[in-house]
Amino acid sequence: MNIDIIAVGKIKEKFIEDGIREYVKRLKPYCNINIIEVNDEKAPESLSDKEKISVMQRESVKIVDKIRKGSFIISLCIEGRQMDSVEFARYIEDVMTAGNSNITFVIGGSLGLHNDIKSMSGLKLSFSKMTFPHQLMRLILIEQIYRAFKIMKGEPYHK
């Protein structure tokens, strides 16, 4: 199984980088994981709605360029479906059982994801109705992917 995480922007905090590195290491026995960063677009606070859509559109072009052909796409967005960890593990297992050897998770920038990306997705996933920094979301996502593989394999993991 190949899992790509395409994320807009760079990680700036060392503690987040350290956590991501730890979970990438833990995931090695279960899958090939690849984290792909695309540059974010400048988005000052004073943007109009039209300008915000334009920023998200430019970011979406960069994201689409990095998606593997034939990959099952899961977009993280606040309006997406919420699941607990066991449901998430079963969902990933079902995607794999359906013959998908590549899954791509997409994390947008500070303004979110453009509808072009969301419409390409097999699943729009929300971790909460709360808003999280997109850098921290990368760490939360990779931990949940690790937890999902532990659940699928029936292996113990802390609760």
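Mentor: A note on classes first: Ala, Val, Leu, Ile, Met, Phe, Trp, Tyr, Cys and Pro count as nonpolar, Asp, Glu, Lys and Arg as charged, and the others, Gly among them, as polar. This is a predicted model, in which local features need pLDDT of at least 70 and side-chain atom pairs count only at pLDDT 80 or more, while totals for chains, interfaces and linings use all residues. Residues are numbered from 1 along each chain as its sequence is written, and side-chain values use heavy atoms, with hydrogens and water left out.

Trainee: How much space lies in the largest pocket?
Mentor: About 520 Å³. A pocket is an open set of points on a 1 Å grid over the protein atoms alone, with protein on both sides within 12 Å along at least five of seven lines; a cavity is a set where a 1.4 Å probe fits but cannot get out, and lining residues have an atom within 4 Å of a point. Of the 27 residues lining the largest pocket, Leu76, Cys77, Ile78, Gly112 and Phe132 are the closest to its centre.

Trainee: What classes are in that lining, and which element gives the most?
Mentor: The lining of the largest pocket has 15 nonpolar, 10 polar and two charged residues. Strand 3 gives the most, with four residues; strands are DSSP runs of E, at least two residues, and helices are runs of H or I, at least four, numbered from the N terminus.

Trainee: And the largest cavity, which residues line it?
Mentor: Among them are Val8, Met56, Glu59 and His114. The largest cavity holds about 40 Å³ of space, and helix 2 (residues 49-66) gives the most to its lining, with four residues.

Trainee: Changing topic, how many salt bridges are there?
Mentor: The whole structure has 13 salt bridges, each a side-chain nitrogen of Lys or Arg within 4 Å of a carboxyl oxygen of Asp or Glu. In one of them, lysine 118 pairs with glutamate 79, the closest N and O atoms being 2.7 Å apart. That pair links helix 4 to strand 3, 39 residues apart.

Trainee: Is lysine 118 buried or exposed?
Mentor: Lysine 118 is buried, at 14% relative accessible area, whereas glutamate 79 is partly exposed, at 47%. Buried means under 20%, exposed over 50%, and partly exposed in between (1.4 Å probe, protein chains only).

Trainee: What about lysine 150 and glutamate 155?
Mentor: Their side chains meet in a salt bridge at 3.2 Å, N to O. Separately, salt bridges that share partners join Lys10, Glu37 and Arg138 into one network.

Conventions. Points joined across faces, edges and corners; volume = space filled by probe spheres on them.
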